[in-house]
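Subject: Structure handover

Hello,

Please find the structure below. The notes after it set out what was computed from the atoms.

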Amino acid sequence: MALIEKWYNKGNRNYEVIEMAKNYERILAPVDGGEDTMPVLDRAIELAKQNGSHLDILNVIQVTQFNRNYGNAVSADTVYKLTDQTKEILETLKQTAIKQGLSDVSIHMRFGNPKKIIAQEFPNDHNDDLIVIGATGLSAVERLVVGSVTNYVVRVAKPDVLIVK
């Protein structure tokens, strides 16, 4: 942690404020392609630039959700196409980060439960010390069925969590 010294003037008096600021080394930005994606990415890029941090951009594909909803009718070809589309989106997001001046950025795709992967598995595997996540990534109905990933991440994750609204 670093100490940040700030001075401000109130009336005829000067006040010194000392704040503690944590320097984050690895920042995780989980994205799902929803409306929160760009605000989350922009905030994560801003923080990574301020801290000189590595940025991990992650998308988690939950194939089991498709199988439940479509009665195991999701073919390998469909999953392959979804994977290709996701790679293209992630590469575009990476290029966005690079264009904004961030050079240390990686993209990742995982299959499985987004809650567990974002809150525990990925940060443990990559030593992320901050997760920047959107307030909601699902519709209201999906949140009722699947539950809020953000809510789970806030409760379970060991790294600090920043919620972007």
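Helices (H or I, at least four residues) and strands (E, at least two) are taken as DSSP runs and numbered from the N terminus. A pocket is found on a 1 Å grid over the protein atoms alone, as an open set of points where a 1.4 Å probe fits, with protein on both sides within 12 Å along at least five of seven lines; lining residues have an atom within 4 Å of a point.

The model is predicted, with local features requiring pLDDT of at least 70 and side-chain atom pairs counted only at pLDDT 80 or more, while totals for chains, interfaces and linings use all residues. Residues are numbered from 1 along each chain as its sequence is written, and side-chain values use heavy atoms, with hydrogens and water left out.

Overall make-up

The chain has six helices and seven strands, in the order β-β-β-α-β-α-α-β-α-β-α-α-β from the N terminus. Of its 165 residues, 35% are buried (under 20% relative accessible area; exposed is over 50% and partly exposed lies in between, with a 1.4 Å probe and protein chains only). Among contacts (heavy atoms within 4.5 Å) with a separation of 6 or more, 68% are between residues 24 or more positions apart.

The second largest pocket

This pocket holds about 150 Å³ of space, where the volume is the space filled by probe spheres set on the grid points, joined across faces, edges and corners. Its lining has 10 residues, and Lys22, Tyr24, Leu47, Gln50 and Asn51 lie nearest the centre. Helix α1 (residues 37-51) supplies four residues, the largest share of the lining. By type, the lining splits into five nonpolar, three polar and two charged residues (nonpolar: Ala, Val, Leu, Ile, Met, Phe, Trp, Tyr, Cys and Pro; charged: Asp, Glu, Lys and Arg; polar: the others, Gly among them).

Ser53 sits in the loop between α1 and β4 (54-61) and counts as buried because its relative accessibility is 2%. Its side chain reaches the backbone oxygen of Tyr24 at 2.3 Å, a polar contact (a pair of N or O atoms within 3.5 Å; within protein, one must be able to donate a hydrogen and the other to accept it, and residues adjacent in sequence count only if both atoms are side-chain atoms). Neighbours within four places in sequence aside, the contacts of Ser53 include Tyr24, Leu47 and Leu102.

Leu102 is in the loop between α3 (76-99) and β5, and is buried at 5% relative accessibility. Leu102 and Ser53 are 49 residues apart in sequence, with 8.9 Å between their C-alpha atoms. Not counting residues up to four places away, Leu102 also touches, among others, Ile45, Ala48 and Leu55.

Strand β5 (residues 105-111) contains His108, which is buried with a relative accessible area of 17%. The side chains of His108 and Asp56 are joined by a polar contact of 2.8 Å. Beyond four places in sequence, His108 is in contact with Asp56, Ile57, Leu58, Asn59, Leu90, Phe122 and His126.

Val31, in the loop between β3 (26-30) and α1, is buried at 8% relative accessibility. With the same exclusion of residues up to four places away, Val31 touches Thr37, Ile57, Leu58, Asn59, Leu90 and Leu93. Val31 and Ile133 are 102 residues apart in sequence but 7.6 Å apart in space, C-alpha to C-alpha.

Val149, Thr150, Tyr152 and Val153 are buried in helix α6 (residues 149-156). Seen down the axis of α6, these residues fall within an arc of 160 degrees, so they line one face of the helix (the arc is that of the directions from the helix axis to the C-beta atoms). The buried residues of α6 pack against α4 (114-126), β6 (130-134) and β7 (160-164). At the start of α6, a side-chain oxygen of Ser148 comes to within 3.4 Å of the backbone nitrogen of Thr150.

Ile163 belongs to strand β7 and is partly exposed, with a relative accessible area of 37%. The C-alpha atoms of Ile163 and Thr150 are separated by 7.9 Å, at 13 residues apart along the chain. Residues up to four places away aside, Ile163 touches Ile133, Gly134, Ala135, Thr150 and Val154.

A backbone point

Asn127 has a positive phi of about 60 degrees although it is not a glycine. Asn127 lies in the loop between α4 and β6 and counts as exposed at 57% relative accessibility.

Regards
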